[in-house]
Amino acid sequence: MDSGIVRMSAADLAAGIAAGDLSAAEVTEAHLGRIEAVEDRVHSFLHVSAEQARRAAQAVDAQRAAGEPLGPLAGVPLALKDVFTTMDMPTTCGSAILDGWRPPYDATITRRLREAGVVLLGKTNMDEFAMGSSTENSAFGPSRNPWDLARVPGGSSGGSAAAVAGFEAPLGVGTDTGGSIRQPAAVCGLVGGKPTYGATSRYGLVAFASSLDTPGPLARTVLDAALLHEVMAGHDPRDSTSVDSPVPPVVAAARQADISGLTVGIVPELSGEGYQPGVLARFAEAVELLESLGAKLMEVSCPHFTYGLAAYYLIAPSECSSNLARFDAMRFGLRCGDDGTRSAEEVMSLTRESGFGAEVKRRIMLGTYALSSGYYDAYYGKAQQVRTLITRDFQAAFEQVDVLVSPTTPTTAFPIGERVDDPMAMYLADLCTIPANLSGNPALSVPCGLSPDDGLPVGLQIMAPVLADDRLYRVAAALEAALDRRRGYPLLDDAKGLA
Amino acid sequence: MTGTVSAASGPSAAVEKGAAVTGLVPFGDAVSRYDPVIGLETHVELGTATKMFCGCPAVFGGDPNTHVCPVCLGLPGSLPVANRVAIEYTIRIGLALNCQIASWCRFARKNYFYPDMPKNFQISQYDEPLCVDGWLDVTIDDPGAEGGSRAIRVGIERVHLEEDTGKSLHVGGTTGRIHGADYSLVDYNRAGIPLVEIVTKPVDGTGELAPAAARAYVTELRDLLRSLEVSDVRMEEGSLRCDVNTSLSPRGSGVWGTRTETKNVNSLRSVERAVRHEIERQAAVLDSGERVVLQTRHFHEDTGTTTAGRGKEEAQDYRYFPEPDLLPIAPSSQWVDAIRAGLPELPAARRARLMGEWAVSAREFMDIRNAGAVDAVAATVAAGASAAEARKWWLNELVRRANEAGADVADLPISPAAVARVAELVKAGTLSDKLARQVIDGVLAGEGTPDEVVAARGLAVVSDEGALLTAVDAAIAANPDVAEKVRGGKIAAAGALVGAVMKATRGQADATRVRELILDRLRA
């Protein structure tokens, strides 16, 4: 294993491969070696596709040898959340109900990554159907946080986050429905972006909540996240909700890293009681740092953010109760009790009963109830009204400021097992991230140091106007550069869980 | 708990009692005491090239599960993309039915589990249909009315767009339904074919004509859809399917009764029979003091009767909500105007025009229409025949042959142009009516065009006067006593001489001309 290679950024790996200083094959081997070495402790992956990865790397090397142009991330390995369909790998969504399923098609994100020459190392662990904040809802056991193996890596994209924080891959792809990229990024000390809703295609992303699901990048640096964002984003005619407009210049913004003259709004509703003191301390310092870098600060109230969590837990379960109806044992996946004596309905029921985990069942029941005749207006209807009010809060705020900031999560990584029996405590992990999902605004989590009370990473969330994703990277890159200068070495060098 | 049980036992007891009344009240008696109210929900598969939400071909048949993809199979991760042509066709239908077209509306998910529904929800429309509040004028046969027909205006509640389901084949068991089957096979070729649902407002006041009104509405709708070129509207292939709602109101009460919904009534004749049967059945239920139960019923083609399906009182909650995977439909007024401008002449306008051009009464036109010969007559007129000739040949001759062959008149292997040519030959005196029928026989038998049949069979009328006079003279010579009677003033006796000439010419002479020649000869 070459520890040098696995600690390199995606940008440096891509440059090295393009220059011929590194081969894609050796980069892939180094990461497969790292996976081999640490995977039994981290459990980031549900499936490692070593042979396909080697072939993809060889193809990049052959392309370079032939003098053909290479994409910006050609030859760079990546950990793909197991919620995107892949023709050459299983796709389980962390659920027993899809165990053994081989999709007959690639998701648009999968296809774009392959076409860019990105080397897919395998599929990463996740909370079942992306429902959760810890990966503990995976049917295949939890992933662990490389900072402290007794703690969760966040979720639902916890497998991708653990893989990137554990140097098994320089890049990860996740999906963010209520914070499922930003929260794991925050608790693993990574950069994680949720693009504007519709900026990244959902085709082939197995739906949890269609109006909220957003694919996005996970990386160790802001520039790497921006490079991946640019490869992933763009209009997809197969997704009707896909935005048909140019991808914002996120890579240029990450390189610019200059925030002088920018107005930064602080949301008082996303702070205060219930937040870990160390998280608030690091957040306050980061805000001061932004000011010292030339930003103007302003407090901007978003009064309806308070109702975000409640609205989210009606809208997301409602959509999921319908989206997950297709897992019925008829056409794919698990089938239970089909012994010739049972009706189709009985087989459907038995399969769903044994194939879905407790949290998925809880949300299907919540959503089924919320959509029921006689309850729809009071629950789903009211939640949609809250959603509109939150969207208006964002619009009003962005008339005054260029970006909004908040802590990404109320606490740092919590111990495995601590919240599994307390759904409400688990749901609170997404308190700060949910508003941007409900409104569709882009948001990103960037590390802002380690909490003084437990030495674990703290994330700062940046939120921007719809389609102004580049502003996220501009602010994040400025903060990252200032913090790295102050510290003198990369934050992840302090992650000792795998040492 | 007790409360729940007793609340549930009321309706279910009524179901059993209602079902126990098995008699029928004779139709005439039933409609003398009850006013039927009918309503129709019609599903039309659109004739688009591709399915509603994916690129698979939208065609009837094919080997099972060959016209499928991740989208119409509802595989995890797949997403729908709406077919613009299907939306255009739906607007076209809405405009032809005099509906308002929504400037903004959404698809909704209708959630229920069934093996032939790939996603276990159907993408449909709920409270925001694309077209609302229209009407369709319908003419019903009414022997009692002036002119033999009666016009009614059927209100259209809504026209909306949705996707079709797959098809289940239940193997084993006796009913062909899922309950009692040994196993079921599902073909998803049909899943995702664009389906338009057209719902009428309740139609009352038709009395004993209710069954005929239901049939006339579906007939008119079928003709309208065909003229719009949005569907092949083949009931036997399921591209036009009807659900028929029927209720009875005690005559003069003004209070509508509980309705039943008879599903999948799939021929024009069945629509009429289903309404008739429900009137007779519901009248018996009401006469016995029971109440009609709100329920779905199945129509049986063989017996013309209906049987109860699941009770609507335990109906499923479909948990409709706006489809988050699709954008709202917001047709611009320019687009709607362009679609309106592109509408073809609609059947009602065409009928009015043709009645004028052909100089026929409503009753006469109805005969042509009921015979399914409007297009054939029109094409024959277009090919040069007079309306009277075209009507005569199609209605008197070809309809009979179609009936004998059990085929639609339009499907006979003779073109309107050929019929026009036959009419022309008759008019020119080349063919007698009798010979013309033989020519039609030849054309139908595949012997070629009318001219080819005339030549091959040697069927032309003998119009050479010299040859005819020879035959006339021979007939007179052979029947001197008959000739004498005619000379003596008994003109009627000439018939025997005409017959002899026709026999001698193997029927190929013009009998009228032969008669003239005989009378000339005997007067001389």
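Visitor: What volume does the largest cavity have?

Guide: The model is a predicted one. Cavities of 30 Å³ or more come to five by the rule applied here. For the largest cavity, the volume is about 140 Å³.

Visitor: Which residues lie closest to the centre of the largest cavity?

Guide: The lining of the largest cavity has 10 nonpolar, two polar and seven charged residues. It amounts to 19 residues, and those closest to the centre are B:Val71, B:Pro80, B:Lys119, B:Ile123 and B:Glu163.

Visitor: Which residues line the second largest cavity?

Guide: About 80 Å³ of space lies in the second largest cavity. By class, its lining has six nonpolar, three polar and two charged residues. From chain A come A:Leu205, A:Val206, A:Ala207, A:Asn323, A:Arg326 and A:Phe327. From chain B come B:Pro76, B:Gly77, B:Ser78, B:Leu79 and B:Asp325.

Visitor: Which residues have the most contacts inside the largest nonpolar core?

Guide: The largest nonpolar core holds 229 residues. Helix H4 of chain B, residues 210–228, gives the largest share of this core, with 11 residues. The residues with the most contacts inside the core are A:Leu113, A:Phe129 and B:Ile198.

Visitor: With which residues is B:Ile198 in contact, leaving aside its neighbours within four places in sequence?

Guide: B:Ile198 is one of the residues with the most contacts inside the largest nonpolar core. With those sequence neighbours left aside, its contacts include B:Leu40, B:Glu41, B:Thr42, B:Val44, B:Ile93 and B:Leu97. Also among them are B:Ile156, B:Arg158, B:Val159, B:Tyr217, B:Leu221 and B:Leu225.

Visitor: How many residues does the second, separate core have?

Guide: Residues of this second core include B:Val360, B:Ala402, B:Val422 and B:Val453. The core is separate, and its count is 38 residues.

Visitor: Why is chain A as compact as a globular protein of that length?

Guide: Chain A contains 17 helices and 11 strands. For its 499 residues the globule rule gives 23 Å. Chain A is as compact as a globular protein of that length because its radius of gyration is close to that value, at 21 Å.

Visitor: What percentage of the residues in chain A is buried?

Guide: Along the principal axes, the C-alpha atoms of chain A fill a box of roughly 70 × 55 × 45 Å. A residue counts as buried when its relative accessible area is under 20%. Among the 499 residues of chain A, the buried part is 62%.

Visitor: Of the contacts in chain A with a separation of 6 or more, what percentage joins residues 24 or more positions apart?

Guide: A contact requires heavy atoms within 4.5 Å. Of the chain A contacts with a separation of 6 or more, residues 24 or more positions apart account for 77%.

How values were computed
Residues are numbered from 1 along each chain as its sequence is written. Chains are lettered from A and ligands numbered from 1 in the order in which they are written. This is a predicted model: local features need pLDDT of at least 70, side-chain atom pairs count only at pLDDT 80 or more; totals for chains, interfaces and linings use all residues. Side-chain values use heavy atoms; hydrogens and water are left out. A nonpolar core is a set of buried Ala, Val, Leu, Ile, Met, Phe, Trp, Tyr and Cys residues joined through side-chain atoms within 4.5 Å. Buried means under 20% relative accessible area, exposed over 50%, partly exposed in between (1.4 Å probe, protein chains only). Helices (H or I, at least four residues) and strands (E, at least two) are DSSP runs, numbered from the N terminus. On a 1 Å grid over the protein atoms alone, a cavity is a set of points where a 1.4 Å probe fits but cannot get out, and a pocket is an open set with protein on both sides within 12 Å along at least five of seven lines; lining residues have an atom within 4 Å of a point. Grid points are joined across faces, edges and corners, and a volume is the space filled by probe spheres set on the points. Ala, Val, Leu, Ile, Met, Phe, Trp, Tyr, Cys and Pro count as nonpolar, Asp, Glu, Lys and Arg as charged, and the others, Gly among them, as polar. The radius of gyration is taken over C-alpha atoms; the globule rule is 2.2 Å times the number of residues to the power 0.38.
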